Amino acid sequence: MSPKRISRIAICGGGIGGLTVAAFINQHSDIEVDLYEVKPDISTIGAGIAVWKRSWQVLQDLGLEEEVKKKNISLPKEGEIRGPIFRKADQPDGGFDFHNHMMPYGPMSLSRPTLLELLQARLSNKSHIHTLKRLVKYEVEASGSIELFFADGTRASCDVLIGADGVHSPTRASLYGALAAEAGPDSPMDYQKYIEPIWSGTYTYRCSLQLDKFKDLYPDHQALSKPKIWCGKDKHVVSHPIGGTIGLVCFSNVASGEGTPYESPWVKDVPKQEVLDFYDNWEPDLLQLLQHLENPSRWAVHVVHPLPFSVSGRVALLGDAAHAMLPHQGVGGGQAIEDAHILGRLLSHPSTNLGNIEQVLKIYQSIRLPLGSKAAQRSKNNGLMYDFCHPDFPVHASSAEELKGLGEAIRKSFEWLAQGGCDDDWKQAESMLLQLDTK
């Protein structure tokens with residue numbers, strides 16, 4: 001008797017990762033998909049997403065290239081393009097540029113709402129979106145099916161559960177909570193630490209200012225025409241002119257803050273003076289920008305402890321639920337897309353069934369968890385370099401010449417983003433899947 005086919009998959013989280021995995025399952029199978037979203041609709045907040053080469057290959061595989069063209073969005077570009085100028089700015093007597101960055105690939109800049117719209121349009125009538133559904137926990141039945149418990153008192157069941165529910169991830173909490181309870185207090189493995197996200201020790205202040213008004217005051221200001229990264233000890237600022245505004249993202253690290261409890265709201269509107277206080281005694285050009293910023297909000301950036309595994313039984317985690325990371329390479333959204341590509345193709349493959357599903361999910365884990373974890377570490381390393389905190393590149397410089405080594409390290413840190421390979425990842429995953437039939 002042939003193993004039973006998967007009939008229903010539940011996805012918790014209607015963000016980029018959740019919609020992408022649903023789209024791939026719909027594109028390659030007729031499996032019923034229930035997508036559960038906490039909010040009243042499919043929407044998102046946060047910065048836009050940089051679509052680098054690997055992520056673009058995935059979106060092309062979903063057939064989104066023509067849809068992107070219809071919206072007159074510039075496609076990614078092969079080859080080098082000019083990136084931001086890095087500048088040492090943490091000195092009151094004026095800073096200096098030390099690295100004119102050339103990016104190895106021209107990523108596509110895509111707003112998150114636009115991407116969600118494009119992905120949702122790829123869903124078939126086999127996908128069913130349920131809003132205002134917050135997962136509380138799941139339980140595995142004796143039959144192997146999974147029972148979902150929601151905050152509104154309702155329940156649902158599925159054959160496979162995908163946690164694409166972000167850094168807070170109730171799916172991850174339920175998964176590791178169950179493992180901790182099963183292992184007991186004497187276990188050498190501390191599963192509890194993977195349940196909740198941890199504060200990275202980094203604050204991000206998001207704000208902007210009106211370009212024309214600022215130009216009237218400072219017509220020759222260096223931030224008017226080019227993106228810049230203003231670097232200094234323990235903090236940096238990204239400025240980027242776009243349309244009629246100059247966008248500002250100000251990063252500040254709290255000494256010994258990483259991993260400590262964070263009791264305040266993660267996102268909070270703050271007075272302009274709070275931002276200015278963090279950059280006291282920096283160069284005048286940067287302070288001119290900060291003095292004219294509008295409506296700053298403070299974001300306490302949280303991440304996830306590097307997970308020992310991202311699957312358990314018939315449950316899989318993807319995106320921020322599996323590897324929430326710092327934003328210093330702009331790859332968090334792309335990693336969710338890449339996770340969804342491999343997981344969606346595996347789940348919808350004709351060789352996948354309820355008899356081998358746990359082995360199939362481990363194939364997904366073996367390919368994607370190391371790559372996601374490596375991307376998280378790369379992003380963290382970039383932040384250390386921008387903040388003059390990287391142990392390999394101590395900064396005691398008074399000239400651009402002394403910072404050449406740091407600039408070269410920053411250049412090299414982006415080289416991997418020009419490389420493809422998602423198709424090769426899928427070929428490897430499919431080969432491993434087909435080998436299951438021979439064992």
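A: Helices H11 and H12 are roughly antiparallel to each other, a label for angles over 145 degrees, where under 35 counts as roughly parallel, 65 to 115 as roughly perpendicular and the rest as oblique. H11 covers residues 357-386 and H12 residues 404-413, and they pack at an angle of about 155 degrees with their axes 11 Å apart. The axes are lines fitted to C-alpha atoms, for helices over the stretch in contact, and angles run from 0 to 180 degrees between N-to-C directions. Helices (H or I, at least four residues) and strands (E, at least two) are DSSP runs, numbered from the N terminus. This is a predicted model, in which local features need pLDDT of at least 70 and side-chain atom pairs count only at pLDDT 80 or more, while totals for chains, interfaces and linings use all residues. Residues are numbered from 1 along each chain as its sequence is written, and side-chain values use heavy atoms, with hydrogens and water left out.

H11 and H12 cross in the left-handed sense, meaning that the near helix is turned anticlockwise from the far one by less than a right angle; clockwise is right-handed. On the H11 side the contact (heavy atoms within 4.5 Å) involves Asn382, Met385 and Tyr386, and on the H12 side Leu406, Ala409, Ile410 and Ser413. Five of the contact residues are nonpolar, two are polar and none is charged. Here Ala, Val, Leu, Ile, Met, Phe, Trp, Tyr, Cys and Pro count as nonpolar, Asp, Glu, Lys and Arg as charged, and the others, Gly among them, as polar.

A second pair is H1 (residues 16-28) with H10 (residues 332-347), at about 30 degrees and with axes 8 Å apart. H1 and H10 are therefore roughly parallel to each other, and their crossing is right-handed. Residues of this contact include Phe24 and His28 of H1 and Ala340 and Arg345 of H10. The contact of H1 with H10 has nine nonpolar, six polar and one charged residue. Arginine 345 is buried, at 15% relative accessible area (buried is under 20%, exposed over 50%, partly exposed in between, with a 1.4 Å probe and protein chains only). Beyond its neighbours within four places in sequence, arginine 345 touches Phe24, His28, Asp61, Ala340 and Trp426.

As for the sheet, six strands form an open sheet in the order S7-S2-S1-S11-S19-S18, with mixed pairing. S7 (127-130) and S18 (311-312) are the edges; each has a single partner strand, so one side of each lacks a neighbour in the sheet. S18 pairs with S19 (residues 315-317) in the antiparallel sense over two bridges, where pairing takes at least two bridges found by DSSP. Valine 311 lies opposite alanine 316 of S19.
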